[in-house]
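Reader: Before we discuss any feature, could you show me the sequence and the model together, and then take me through how to read them?
Author: Here they are.

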Amino acid sequence: LEKFQKKFGVRGGVISAVDLLNGLGRYLDWEIISVPGATGYFDTDYKAKGEYAIKAIDRLDLVFVHVEATDEAGHSGLADEKVKAIEEIDKHIVGPIMNRLKKEKDWRLYVAPDHYTPVIKKTHVGDPVPFIFAGSDVKKSSGLSYTEKTAKETGVHLENGYELMARLVKGWPN
């Protein structure tokens, strides 16, 4: 793989308890950020992941935070655990990171699951995932809640996954 900084001109880091994602981070020459209490399961320390991400923003251009708990809840068929994990991610990771980013002149935030794992099926499915793309240069807002159903209603989608990083680094066409 081409080094991320060479390709996109930005330095990145990864926070994950999943070896595969840390391995991909190493291939990209990203900083691997170890977070005490990060487990890759329901008991992961969401708050610590958010705090470490905020600290990393001070020295890196891009920070990738991965939380496995929602996927594990989907595989286990535990809707309550999935909802709880999403709430913890919002409270301890997305919210605090968003507050930190808003202090910058130029910033972007992308929030999405890495794949769709419905609790009813307990396995990955190929459906498009809902995502949030926000930033200082993002002009459009759907005003809708973040759900699979409303994601389809926006009509906004990314046809080719390989375009994602370029859009994150350079901006989403308005």
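**Aromatic pairs**

Author: By the ring-pair rule, the count comes to five aromatic pairs. Under that rule, rings of Phe, Tyr and Trp (its six-membered ring) pair if their centres lie within 6.5 Å, and planes under 30 degrees apart count as stacked, over 60 as edge-to-face and the rest as tilted. Phe4 and Phe8 have ring centres 4.7 Å apart and planes at 45°, so this pair is tilted. This is a predicted model, in which local features need pLDDT of at least 70 and side-chain atom pairs count only at pLDDT 80 or more, while totals for chains, interfaces and linings use all residues. Residues are numbered from 1 along each chain as its sequence is written, and side-chain values use heavy atoms, with hydrogens and water left out.

Reader: Where in the chain are Phe4 and Phe8, and are they buried or exposed?

Author: Helices (H or I, at least four residues) and strands (E, at least two) are DSSP runs, numbered from the N terminus. Phe4 and Phe8 are four residues apart in helix H1 (residues 4–8), and are therefore separated by about one helical turn. Buried means under 20% relative accessible area, exposed over 50%, and partly exposed in between (1.4 Å probe, protein chains only); both Phe4 and Phe8 are buried. Trp30 and Phe64 form another tilted aromatic pair, 6.2 Å centre to centre with 40° between the planes. This pair links distant parts of the chain, 34 residues apart, with Trp30 in the loop between helix H2 (19–27) and strand S2 (31–32) and Phe64 in strand S3 (residues 62–65). Trp30 is buried at 11% relative accessibility, whereas Phe64 is partly exposed at 30%. Phe4, Phe8, Trp30 and Phe64 form one aromatic cluster.

Reader: How should I read the sheet, and which strands are at its edges?

Author: Strands of a sheet pair through backbone hydrogen bonds, either parallel or antiparallel. Two strands pair if DSSP finds at least two bridges between them. Here three strands form an open sheet in the order S2-S1-S3, with parallel pairing; the edge strands are S2 and S3, each of which pairs on one side only. Strand S1 (residues 12–15) is joined to S2 by two bridges, and Gly13 has Glu31 as its bridge partner in S2.

Reader: How many salt bridges does the structure hold, and which residue forms one with Glu31?

Author: A salt bridge is a side-chain nitrogen of Lys or Arg within 4 Å of a carboxyl oxygen of Asp or Glu, and the structure holds seven of them. Arg59 forms one with Glu31, the closest N and O atoms being 2.6 Å apart. Arg59 lies in the loop between helix H3 (46–57) and S3 while Glu31 is in strand S2, so the pair ties together parts that are 28 residues apart in sequence. Asp58 and Arg100 also meet through their side chains in a salt bridge (2.6 Å, N to O). Asp58 is exposed, with a relative accessible area of 57%, whereas Arg100 is buried, at 13%.
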